[in-house]
Amino acid sequence: MSNDNHFASTKLPISPIALLLIGCLSMLTGCDPILEVDGAFFPAWLVCMIAAGFMLGGIRWIVYRLGIEPFVGPRVTVYFCVYLTCTLGLWLGFFRL
Amino acid sequence: MTSEPAKSAPEPVKAATPVAPKAAVSSSIRLKKIFGRLFGILSVVSAIGLSFLTWWELDIRPRTDDAYLRANIVGIAANVSGYITELAVVDNQKVSVGDLLFRVDVRPYQAELDVALANLAYVDLEIQALKDAITQREADIVNAEAVALYNVQYLARIEPLLPKQFVTPDQVDAAKRNVKSSEANVLQAKAALSQAQANLGQVGDVNVRRARAQATVVEKRLNVGYCEVRSSVNGYVTNFNSSVGQFAQIGVQVFALVDTSSWYLLANYQETDIRMIEPGMSVAVYLMAYPRVHFRGVVQGIGWALYDQNQGSNGVLPTVSPTLDWVRLAQRFPVRIVMDPSQDAHPYRMGATATAIVESNRRHQVPDILKPLLPDALESWLDTLTTPPAPMPDSPGR
């Protein structure tokens, strides 16, 4: 428990489902390749990267709660791959157009 | 990293089920191990697979955010100089072909037209006078010829009388002189006729004097017409900053019209994307001005030339930039995309920022290096991501 204590007794400040919803809602602004935020335009890939960061947080929390984190293998590689999957999955899913 | 699971795995199990039987604990750990391994492997595989799909997607459907909506601009300038006396439009107004835009003070040009018309009437009178002169010259010839004929006959009558001395030699000489003189008079009268005919200026069916006067009338009438400046296109008035009283110079633009009959997108594509683009391909267009609205266009052509900023010349010698960056930026070539007609709900505006995605219908070739790695089924599935190549319509851009 000593290494992973930061997850043990606390919950995420926002539930992962809420985070996923926020991420998805931010995607659903018409799936334009450029998203407008108060007059500034952001490329879709950037938004995907940010949303994927939240998704990664949620997924890691789930993985930890399930207790399978110690068995996933090299964590940096695996979580980087999860992040990549989330980013590219969001992009391909919402912005392939 | 790999040694961590062995260290930390038993701890949560101990904490959660301190009194559980040993068999149940090992079964739970085994299950978690399986799921953990599966999760790790799947995440790596999916990352590799999605990376490949993304690369594929970006390659077969080249896109750019560096695109701008364009229309043709018609600079409006007066064809005559003068003060603007009336402005019939305001800035941003919609105009159609033939609509009055503004008027230039017509009075000087109307006066010039009146002068030209009067000159034409005067030329007509002149021509009549010149025709009368010709008739007079013709009469002169008849008269001169009659005198010449009489003189010849008179000489013929008196010349045989000289040997019999009925006439003096002087009378014969005078008659001969008269013959010569009257012949000269005939020639002179004929020359005068020719001169009068030339003065009339008749060439075939056309009288040059009248044609010149008529051309002047046409020119002056055109100038009067030019005082009303009308629209030559359907479009919108733009950059209109004039008012009544401004002096309009010939050929100097007063404002501009945006020709709305044809809209196009200039999408600057990297040179690496150009190979996937051909005229006739369909393009999905997204305008920043209208989120969630999708527009369509067709590739008309790809730019053939760019200005080379690294090369130049100074006098007779070339100048070459001495720097060569490690990272070379791809050049961008403008691809002209003809847009679908503008809709009233979402009117186009020149200069609007856009994103263009070419629906390249070129069949994508799986790179040779990947072929041994991909099963045939996956290759054929990837092929279905692209539509089969369709015959390209002839395009002026090709």
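Which exposed residues does the face of α6(B) turned away from its buried side carry? They are B:Val208, B:Ala215 and B:Val218.

Before going on, the ground rules. This is a predicted model: local features need pLDDT of at least 70, side-chain atom pairs count only at pLDDT 80 or more, and totals for chains, interfaces and linings use all residues. Residues are numbered from 1 along each chain as its sequence is written, while chains are lettered from A and ligands numbered from 1 in the order in which they are written.

Back to α6(B). Helix α6 covers residues 208–226 of chain B. Helices (H or I, at least four residues) and strands (E, at least two) are DSSP runs, numbered from the N terminus. Its 19 residues should span 27 Å at 1.5 Å a residue, and the end C-alpha atoms are 27 Å apart, which agrees. The expected span is 1.5 Å times one less than the number of residues.

Now the buried side. B:Ala213, B:Lys220 and B:Asn223 are buried in α6(B). They cover an arc of only 75 degrees around the axis, so they sit on the same side of α6(B). That arc is taken from the directions from the helix axis to the C-beta atoms. The cover over the buried residues of α6(B) includes α4 (107–158) of chain B.

Next, a sheet in chain B. It is open, has 4 strands, and runs in the order β7-β4-β2-β9 with antiparallel pairing. Two strands pair if DSSP finds at least two bridges between them. At the edges are β7 (228–230) and β9 (247–248) of chain B, each pairing on one side only. Strand β4 (residues 100–104) of chain B is joined to β7(B) by 3 bridges, antiparallel. There, B:Arg103 stands opposite B:Glu228 in β7(B).

Chain B overall: 8 helices and 16 strands. Of its 398 residues, 18% are buried.

Over to chain A. Its pLDDT, the predictor's confidence in each residue from 0 to 100, averages 76, and 66% of the residues score at least 70.

One residue to look at is A:Phe54, in helix α3 (residues 44–66) of chain A. A:Phe54 has 19 other C-beta atoms within 10 Å, so A:Phe54 is partly exposed. A:Phe54 and A:Cys86 are 32 residues apart in sequence, yet 9.6 Å apart in space, C-alpha to C-alpha.

How values were computed. Buried ≥ 20, exposed ≤ 12 C-beta atoms within 10 Å, placed from the backbone. Contact = placed C-beta atoms within 7 Å.
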